[in-house]
Amino acid sequence: MDYKFRFAPSIKIKRTTSQIMFELLIALLAVLAFSLVYYQMEYGLNYVIHILTMLAASLITAYAIEVLYAVATKKDIKKHLSSSYPYITSIILVLITSVNVQIYPIVISTAFAIFIGKLAFGGFGQNIFNPAGVGRIVLVTAFGGHTLADLAVGATPVSSVNAQSWTVAAGGF
């Protein structure tokens, strides 16, 4: 029996990386738009403004790190930015982050995501981790108090429930 081996994917469509990343950008912007509408309807305009500020800070940081990397490696900045797609990492990082996070943890985690998660391994397509995942890990480990502020902490979850008077005392029925 003769086995035929083909490299994945077996179905090939003539699309460039730029086209694929543009489609991903459209999908991420749709998710972002729906989340902005949700937060505006549920919590008000202040949350929407904060999310947009988080996104702006993340985008500025991502582009700054990419430009500094291009200058340090003596690459053409415009060509490097057009093939690196730093905005994808920024949008994903903001989408997987809690709304109550301040701006400076976003800036630091974006810098780690772009530099350590992507550029240290050779740039776009060479990274072994998802750069946004690296940023999220930095955000949770370094700024756990900011990202997990609404987590109930106590000896047991039952003590938290009891402290909120959600339990019924014996014979309460």
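In this predicted model, Tyr 38, Tyr 39, Tyr 43 and Tyr 47 come together as one aromatic cluster. The aromatic pairs counted in the structure number nine. One of them joins Tyr 38 to Tyr 43 in an edge-to-face arrangement, with the ring centres 6.4 Å apart and an angle of 85° between the planes. The label follows from the angle, because planes over 60 degrees apart count as edge-to-face. Both partners are partly exposed: Tyr 38 has a relative accessible area of 42%, and Tyr 43 has a relative accessibility of 46%. A further pair, formed by Tyr 39 and Tyr 47, is stacked, with 6.3 Å from centre to centre and 15° between the planes. Here the angle falls under 30 degrees, and the pair therefore counts as stacked. Tyr 39, at 23% relative accessible area, is partly exposed, and Tyr 47, at 35%, is likewise placed in the partly exposed class.

Apart from neighbours within four places in sequence, Tyr 39 is in contact with Gly 44, Tyr 47, Val 48, Ile 51 and Val 99.

The wider fold may be considered next. The protein chain contains eight helices and zero strands, and its pattern along the sequence reads α-α-α-α-α-α-α-α. Of its 173 residues, 30% count as buried. Among contacts in the chain with a separation of 6 or more, 68% are between residues 24 or more positions apart.

Helix H4 is a case of burial within this fold. Eight of its 10 residues are buried, so the helix is largely enclosed by the rest of the structure. The buried residues are Pro 86, Tyr 87, Ile 88, Thr 89, Ser 90, Ile 91, Leu 93 and Val 94.

Beyond its neighbours within four places in sequence, Ser 90 is in contact with Leu 55, Ser 58, Leu 59, Ala 62 and Thr 110. Ser 90 and Thr 61 are 29 residues apart in sequence, while their C-alpha atoms are 8.7 Å apart in space.

The packing of H4 against H5 can now be described. Two packed helices are described by the angle between their axes and the distance between the axes. Helix H4 (residues 86-95) and helix H5 (residues 103-115) pack at about 135°, and their axes are 10 Å apart. The two helices are therefore oblique to each other, and their crossing is right-handed. On the H4 side the contact is made by Pro 86, Thr 89, Ser 90 and Leu 93, and on the H5 side by Ser 109, Thr 110, Ala 113 and Ile 114. By class, this contact of H4 with H5 comprises four nonpolar, four polar and no charged residues.

Helix H5 also packs against H2. The angle between H2 and H5 is about 35°, with the axes 9 Å apart, and H2 passes H5 in a right-handed crossing. From H2 the contact draws on His 50, Thr 53, Met 54, Ala 57, Ser 58, Thr 61, Ala 62, Ile 65 and Glu 66; from H5 it draws on Ile 103, Ile 106, Val 107, Thr 110, Ala 111, Ile 114 and Phe 115. By class, the contact of H2 with H5 has 10 nonpolar, five polar and one charged residues.

Terms used:
Residues numbered from 1 in each chain as written. Predicted model: local features only at pLDDT ≥ 70, side-chain atom pairs only at ≥ 80, totals over all residues. Heavy atoms only, no water. Phe/Tyr/Trp six-rings, centres within 6.5 Å; stacked < 30°, edge-to-face > 60°. Buried < 20%, exposed > 50% of the residue type's maximum accessible area, 1.4 Å probe, protein only. Axes fitted to C-alpha atoms, helices over the stretch in contact; angles between N-to-C directions. Helix = DSSP H or I, 4+ residues; strand = E, 2+ residues; numbered from the N terminus. Parallel < 35°, antiparallel > 145°, perpendicular 65-115°, else oblique. Left-handed = near helix turned anticlockwise from the far one by under 90°. Contact = heavy atoms within 4.5 Å. Nonpolar A, V, L, I, M, F, W, Y, C, P; charged D, E, K, R; others polar.
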